[in-house]
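Subject: Structure handover

Hello,

Here is the structure you will be working with. Please look it over first, then read the notes below it.

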Amino acid sequence: MVLDLRGFCNIDIGGTTFDNVISLATTEDSLVGNGLIKSSGNAVLANPTTRPILGKPVTITYSVGDPDNLNTITHPRKYFVTGSSVGSNGKTLNVTFADTLTINSNLSERQEIRESEFNDPEIEGGKVVTNPIPWQTIFDRCLSALDISATYVGGNPFTQYDCKFSIESFSLESGYVQVMSDMLLSLGRIGYMNNDNKLVVEDLTTFSGQQVVVTPNDLVEIQGFNNNGEIPAKEVDVN
């Protein structure tokens, strides 16, 4: 599906606003098979006078609608500069940016979270079987490592379901972002960074995100279904 979302775009990089945007694109992970939605993008600016510093925050705004009555919208993600390069003609600047989840997607630690750190034993037959590792502790460890906080829409699933691992240790070697993504996915939750750089966790069954209402005027093109194969019969004779 192709939509007409043309408008006037501005990009603020570290407090400096650029209105000479030639092109800008952002991408996000699919909801399918992911508990966290990472996002990144790139922009091409005309006549650069300076190059942005790596790590500077990026805020995108765009105005759509009637030129005499524009509706200005702030992009719902907070990004940070990951790179920049000057075009071959020296008249354009290419800037790449990504959210906190993308930038830290490979960050991990070798130290395990062990059951001996907790004192909430499961007892069977009068004997201690294990000290379960709370999911909330693991999730909070990852949040702290990424230096972000989380807000839970509709309640915290880790406390709602009293999620715990009855194992000796839990490894974080797969990376903080991947661990958090797997945990949320297993609980039917989805997480994404908002434009305040806070992780928002929502229930997939009620997930709203930042929806855009599509009207017929927005629609440029829609592709049909794959028509390969035989057309099914209108009538079937059964003996």
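The chain has four helices and 20 strands. Both are DSSP runs, numbered from the N terminus: helices are H or I with at least four residues, strands are E with at least two. This is a predicted model, where local features need pLDDT of at least 70, side-chain atom pairs count only at pLDDT 80 or more, and totals for chains, interfaces and linings use all residues. Residues are numbered from 1 along each chain as its sequence is written, and side-chain values use heavy atoms, with hydrogens and water left out.

**Overall**

Of the chain's 239 residues, 32% are buried. Buried means under 20% relative accessible area, exposed means over 50%, and partly exposed lies in between (1.4 Å probe, protein chains only). The chain exposes about 14900 Å², and carbon and sulfur atoms supply 48% of that. Areas come from the Shrake-Rupley method with a 1.4 Å probe; for residues, only the protein chains shown count as cover.

**Cores**

The largest nonpolar core has 25 residues. Such a core is a set of buried Ala, Val, Leu, Ile, Met, Phe, Trp, Tyr and Cys residues joined through side-chain atoms within 4.5 Å. Ile138, Phe139, Leu172, Met180 and Leu199 have the most contacts inside it. Two or more residues come from each of α2 (135-146), α4 (176-186) and β19 (199-203). A second, separate core of 12 residues includes Ile11, Ile13, Val58 and Val95.

Leu199 has contacts (heavy atoms within 4.5 Å). Leaving out residues up to four places away in sequence, it touches, among others, Leu36, Leu101, Phe139 and Met180.

**Helix α2**

α2 has 12 residues and spans 17 Å from first C-alpha to last, close to the 16 Å expected at 1.5 Å a residue. That expected span is 1.5 Å times one less than the number of residues. Its buried residues are Trp135, Gln136, Ile138, Phe139, Cys142, Leu143 and Leu146. Asp147 follows α2, with a positive phi near 60°.

**Ser39**

Ser39 sits in strand β6 (residues 39-46). Ser39 is buried, at 1% relative accessible area. Its contacts include Thr27, Arg77 and Asp99.

**Cysteines**

There are zero disulfides, a disulfide being a pair of cysteine sulfur atoms within 2.5 Å. Cys9 is partly exposed at 22%, while Cys142 is buried at 0%.

Best wishes
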